[in-house]
Amino acid sequence: ATLQLMAERGVRDLRMDDVADRAGVGKATIYRRYRSKDALVSDAIATLVSEIAIPDTGSTRADLLALMRQAVELYSGSLAARLMPAVLEETRRNPELASTVRDEFLAGRRAALSVVLERGVRRGDLRRDLDLELALDVMGGAIFYRLLVTGGPIDERLAKGVVELILTGFAPTRKRETNKSPTPKDR
């Protein structure tokens with residue numbers, strides 16, 4: 001009920017009375033469990049992302065694609081897609097909510113992606129000096145940009161495109177041999 005009302009009205013206009021009515025419970029029931037509206041909102045947001053299964057298919061490409069497909073599923077037309085603009089707007093005004101979004105919502109997804117990216121480095125599919133934070137931002141940024149800015153499709157094509165961008169843009173590079181002194185054979 002909380003998530004639906006937040007998606008419909010925004011976080012700022014969410015009222016405990018409305019949540020109680022929608023949920024079919026008394027307002028006192030909600031206050032017994034949640035000390036404030038912020039606590040209710042924080043808990044509701046934390047339920048959006050269940051335990052993230054970290055894939056290990058033996059392929060960095062397949063693992064990244066599995067995680068991107070999970071994100072595409074979450075943000076393509078679901079309640080989360082309708083809710084995220086209101087939540088992000090409220091995080092600018094509400095430091096407690098911003099902390100919850102970062103610590104409980106984003107942290108789990110970034111941790112799962114980090115495991116897969118670090119495994120890709122160990123496999124030699126990604127460069128050893130991978131800027132992990134940048135790679136994570138690229139992966140999440142594409143989805144959020146479409147969700148919040150362009151309204152473009154969040155679909156399989158996006159998932160595949162982001163994975164290819166990561167694999168190509170962060171591919172291992174060969175060390176240039178320009179630092180070596182020329183051998184008699186090279187002269």
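Start by selecting Asn94, which sits in the loop between α6 (79-91) and α7. Helices here are DSSP runs of H or I with at least four residues, strands are runs of E with at least two, and both are numbered from the N terminus. This is a predicted model, where local features need pLDDT of at least 70 and side-chain atom pairs count only at pLDDT 80 or more, while totals for chains, interfaces and linings use all residues. Residues are numbered from 1 along each chain as its sequence is written, and side-chain values use heavy atoms, with hydrogens and water left out.

Is Asn94 buried or exposed? Asn94 counts as buried because its relative accessibility is 8%; buried means under 20% relative accessible area, exposed means over 50%, and partly exposed lies in between, using a 1.4 Å probe and protein chains only.

The side chains of Asn94 and Asp38 make a polar contact at 2.9 Å.

**Zoom out**

Switch to a cartoon of the whole chain. You'll find nine helices and zero strands. The radius of gyration is 22 Å, well over the 16 Å that the globule rule gives for 187 residues, so the protein is more spread out than a compact globule. (That radius is taken over C-alpha atoms, and the rule is 2.2 Å times the number of residues to the power 0.38.) Along its principal axes, the C-alpha trace spans about 85 × 30 × 30 Å. Of the 187 residues, 39% count as buried. Contact means heavy atoms within 4.5 Å, and among contacts with a separation of 6 or more, 66% are between residues 24 or more positions apart.

**Helix α2**

Next, select residues 16-23, which make up helix α2. Which residues of α2 are buried? They are Met16, Asp18, Val19 and Ala20. To see what covers them, colour α1 (2-9), α3 (27-33) and α4 (37-46), which are among the covering elements. Then step just past α2 to Gly24, where the backbone takes a positive phi of about 75°.

**Helix α9**

Ile166 belongs to helix α9 (residues 156-169). With 0% relative accessibility, Ile166 counts as buried. Leaving out residues up to four places away in sequence, Ile166 touches Leu64, Leu117, Leu126, Ala135, Val138, Met139 and Ala171.

Stay in α9 and click on Gly169. Gly169 is partly exposed, with a relative accessible area of 39%.

Move to helix α7 and pick Leu113. Leu113 counts as buried at 8% relative accessibility. Apart from residues up to four places away in sequence, Leu113 touches Leu67, Leu136 and Met139. Asp63 is 50 residues from Leu113 along the chain, yet their C-alpha atoms are separated by 9.0 Å.

Now select Ser114, also found in α7. Ser114 is buried, with a relative accessible area of 12%. Which backbone oxygen lies 2.8 Å from a polar atom of the Ser114 side chain? It belongs to Arg110. Setting aside residues up to four places away in sequence, Ser114 touches Leu132 and Leu136.

**Last stop: the largest pocket**

Select Leu106, Arg109, Leu136, Gly140 and Phe144, which lie nearest the centre of the largest pocket, out of 15 lining residues. Elements giving two or more residues to this lining are α5 (60-75), α7 (95-123) and α8 (132-150). Which element gives the most? That is α8, with seven residues.

On a 1 Å grid over the protein atoms alone, a pocket is an open set of points where a 1.4 Å probe fits, with protein on both sides within 12 Å along at least five of seven lines; lining residues have an atom within 4 Å of a point.

Colour the lining by type and you get ten nonpolar, two polar and three charged residues. (Ala, Val, Leu, Ile, Met, Phe, Trp, Tyr, Cys and Pro count as nonpolar, Asp, Glu, Lys and Arg as charged, and the others, Gly among them, as polar.)

Technical notes. A polar contact is a pair of N or O atoms within 3.5 Å; within protein, one must be able to donate a hydrogen and the other to accept it, and residues adjacent in sequence count only if both atoms are side-chain atoms.
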